[in-house]
Amino acid sequence: MMIFPIYSDIYKTVDNVRNFLAQNTEVSFYAQKIAEGEDFATQFLFDNGKGYSPHFATAAAVMLRAVGVPTRYVEGYRIPETLIAAAEGNEDIKTLTLTDGEHHAWVEIFDKNYGWIPVEVTTGYYNGSFALLFEQAKQEAEKLNENEPETQEKDEPVTSDPLG
């Protein structure tokens, strides 16, 4: 069973993983607790399907690594653009206060031409600077690939199951 198409182009594979997650899971801050001895990613992907950014990032990291895409899991804070906009140009604001509500997880993929590129995989959060960085790197990679000699007719998906 193949759960998502895998391409030699890492950007297509990332898009397919993101699409798989968007179609088969949902964002919920009331995700079930992982049962002791259960695998976090497996329970999210195949049993429950509900979670928040650490669930999405963990699942994406496992899926991408399984098909050979160098990936790392990252946690930090996602600063809302509204908070940034309110602070810009206001000399009275010296610091921004972040809460647990801004805690977020994502993955980074490694591209030999650009280094580590942040990738947003949580459904509904794919916008802003992460999306811009990913799309710019993707476009640059497409330009580089146009100049390389073709090694096959076209980029066909691999038909093996990365998790099977």
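## A hairpin of β4 and β5

Strands β4 and β5 form a hairpin with three residues between them, where strands are DSSP runs of E with at least two residues, helices are runs of H or I with at least four residues, and both are numbered from the N terminus. The two strands, β5 covering residues 115-119, pair in the antiparallel sense over five bridges; pairing requires that DSSP finds at least two bridges between the strands.

## Basis of the model

The model is predicted, with local features needing pLDDT of at least 70 and side-chain atom pairs counting only at pLDDT 80 or more, while totals for chains, interfaces and linings use all residues. Residues are numbered from 1 along each chain as its sequence is written, and side-chain values use heavy atoms, with hydrogens and water left out.

## The setting of β4

Strand β3 (residues 71-77) is joined to β4 by seven bridges, and the two run antiparallel; the partner of Y77 in β4 is H103. Seven of the nine residues of β4 (residues 103-111) are buried, so the strand is largely enclosed by the rest of the structure; buried means under 20% relative accessible area, as computed with a 1.4 Å probe on protein chains only.

## The loop residue T25

T25 lies in the loop between α1 (10-24) and β1 (26-27), and T25 is buried, with a relative accessible area of 9%. Leaving aside neighbours within four places in sequence, T25 is in contact (heavy atoms within 4.5 Å) with F44, G49 and F56. The side chain of T25 also reaches the backbone oxygen of L21 at 2.4 Å.

Definitions and conventions:
Buried means under 20% relative accessible area, exposed over 50%, partly exposed in between (1.4 Å probe, protein chains only). A polar contact is a pair of N or O atoms within 3.5 Å; within protein, one must be able to donate a hydrogen and the other to accept it, and residues adjacent in sequence count only if both atoms are side-chain atoms.
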